[in-house]
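Please look at the sequence and the model first, and then follow the text.

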Number of protein chains: 2
Amino acid sequence: MPPRYARARNRMRARYDIETIHAILDHGLVAHVGFIIDDRPMVMPMAYARIGDEILLHGASKTRIARLDAVPVCITVTRLDGIVAARSGMHHSVNYRSAMIHGTARRVDGPELDTALDAITDNLLPGRSAEVRPMTAQERKATGVCAVAIEHASAKIRTGPPVDDEADHGLGMWGGVLPVTTALGQGVQDAHTPDGVAEPASFAAARRKFA
Amino acid sequence: MPPRYARARNRMRARYDIETIHAILDHGLVAHVGFIIDDRPMVMPMAYARIGDEILLHGASKTRIARLDAVPVCITVTRLDGIVAARSGMHHSVNYRSAMIHGTARRVDGPELDTALDAITDNLLPGRSAEVRPMTAQERKATGVCAVAIEHASAKIRTGPPVDDEADHGLGMWGGVLPVTTALGQGVQDAHTPDGVAEPASFAAARRKFA
């Protein structure tokens, strides 16, 4: 039996050390980015990357990312590890690791833009930026990226089995965890890929990252 | 070859029909919920369920969910389907389905609370609420749930291969999609499960939902 907290009421742990937070950020594919528009909250999924203590965000369009310039944002990256099946509805839970970053967004331009875009591509597919052709001046103009320096960060991590009421342990019921994983398959090539060209090496690197 | 948009510049589609939005909501496990605290955005992962045109949110604590009473929230549920590997860094993308809901949260109490909690449990594990013991009066008091009537909803869906520049099609490079799926494994039982008790039927139902 693995080590357990004898009296754990709740297996949720808040963490503030930067190594834990970086590890969660570096293992995600999509961030949920919160910001305020007309006094209302907005939450959008975005591709991202971490460079040091900054998060780079890729906007679907230059217009959209422009809205994020000089405004407070909250960036949350969540990885789901399991569904926790307890003996009562109340103690059902999920095992997950989630990092929440607060900071202020700024537009990225100039030479920094290439580094930022390469990092965002490589966060999806490690090493991919070295496999593709270089960016053109026109593409640089059309691309919107912003950077958010981490001003405040926290992580929430839940692991392990359900925490049932003592009285429910004798019910004779199954209790435990249904594991959830992110699975990356085999690449599906498009119509412009010549016969015999192998899937890029970055795909295997991505599968290793999530294995 | 599957049907393709001959001149698709962008394979991202905005959708507003309620069937598409409900389907995305009903296929998610965790929602990212945005709200405003002290003029700053916050984005938290939460277990949830949909009943009709309302989203039910489960707070980790009664205190936390109380902050959501009578405030505007944005609920985003995202399912990642693939990483789109183009021939240029710029045209890299992700295939995903994301629903974004805007509404105002209200506290759920009384008899409605049981229905809400059962729905949230069943969204994680279909049919699970009928497998566990009934909720006690004390548990009802300790549990925080809020409901958000859908005031505005939209979906973003990207599917299919990369949309490369015409000039890049002749590069002889591999282009296509690395599929991403959510995989549910076999249940891992805890120390209080008697020998010979089978994994609950709701686990198989959850695996079917994500197959």
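How much area do chain A and chain B bury between them? The two chains bury about 7,000 Å² between them, and 65% of it lies on carbon and sulfur atoms. Buried area here is the accessible area (1.4 Å probe) that two parts lose on being put together, summed over both.

The model is predicted: local features need pLDDT of at least 70, side-chain atom pairs count only at pLDDT 80 or more, and totals for chains, interfaces and linings use all residues. Residues are numbered from 1 along each chain as its sequence is written, chains are lettered from A and ligands numbered from 1 in the order in which they are written, and side-chain values use heavy atoms, with hydrogens and water left out.

**The two chains together**

The contact between the chains draws on 86 residues from chain A and 86 residues from chain B, where contact means heavy atoms within 4.5 Å. A:Met90, A:Trp174 and A:Leu178 supply 11% of the area that chain A buries against chain B, more than any other three residues.

The same surface serves both copies, as 100% of the contact residues of chain A recur in chain B.

**Chain A as a whole**

The secondary structure of chain A comprises five helices and 10 strands. Helices (H or I, at least four residues) and strands (E, at least two) are DSSP runs, numbered from the N terminus. Along its principal axes, the C-alpha trace of chain A spans about 70 × 50 × 30 Å. Of the 211 residues in chain A, 52% are buried; the term means under 20% relative accessible area, with exposed meaning over 50% and partly exposed in between (1.4 Å probe, protein chains only). Among the contacts in chain A with a separation of 6 or more, 73% join residues 24 or more positions apart.

Strand E3 (residues 40-51) of chain B has nine of its 12 residues buried, so it is largely enclosed by the rest of the structure. Two strands pair if DSSP finds at least two bridges between them.

| Partner of E3(B) | Sense | Bridges | Residues between the strands | Turn residue and phi |
|---|---|---|---|---|
| E2(B), residues 30-37 | antiparallel | eight bridges | two residues | B:Asp38, about 50 degrees |
| E4(B), residues 54-58 | antiparallel | five bridges | two residues | B:Gly52, about 60 degrees |

E2(B) and E3(B) form a hairpin, and B:Val33 stands opposite B:Met44 in E3(B). E3(B) and E4(B) also form a hairpin, and B:Tyr48 stands opposite B:Leu57 in E4(B).

B:Ala105 belongs to strand E6 (residues 93-107) of chain B. B:Ala105 is buried, with a relative accessible area of 3%. Leaving out residues up to four places away in sequence, B:Ala105 touches several residues, including B:Leu68, B:Val71, B:Cys146 and B:Val148. B:Ala105 and B:Ala149 are 44 residues apart in sequence, and their C-alpha atoms are 7.5 Å apart in space.

B:Thr193 is found in the loop between strand E10 (188-189) and helix H5 (201-210) of chain B. With 6% relative accessibility, B:Thr193 counts as buried. Its side chain reaches the backbone nitrogen of A:Gly175 at 3.0 Å, and a polar contact of 2.8 Å joins the side chains of B:Thr193 and B:Asp190. A polar contact is a pair of N or O atoms within 3.5 Å; within protein, one must be able to donate a hydrogen and the other to accept it, and residues adjacent in sequence count only if both atoms are side-chain atoms. Neighbours within four places in sequence aside, B:Thr193 is in contact with A:Arg87, A:Met173, A:Trp174 and A:Gly175.

A:Pro162 lies in the loop between strand E8 (152-158) and strand E9 (176-184) of chain A. A:Pro162 is buried, at a relative accessible area of 9%. Residues up to four places away in sequence not counted, A:Pro162 touches A:Val84, A:Ala85, A:Ala86, A:Gly175, A:Gly176 and B:Asp190.
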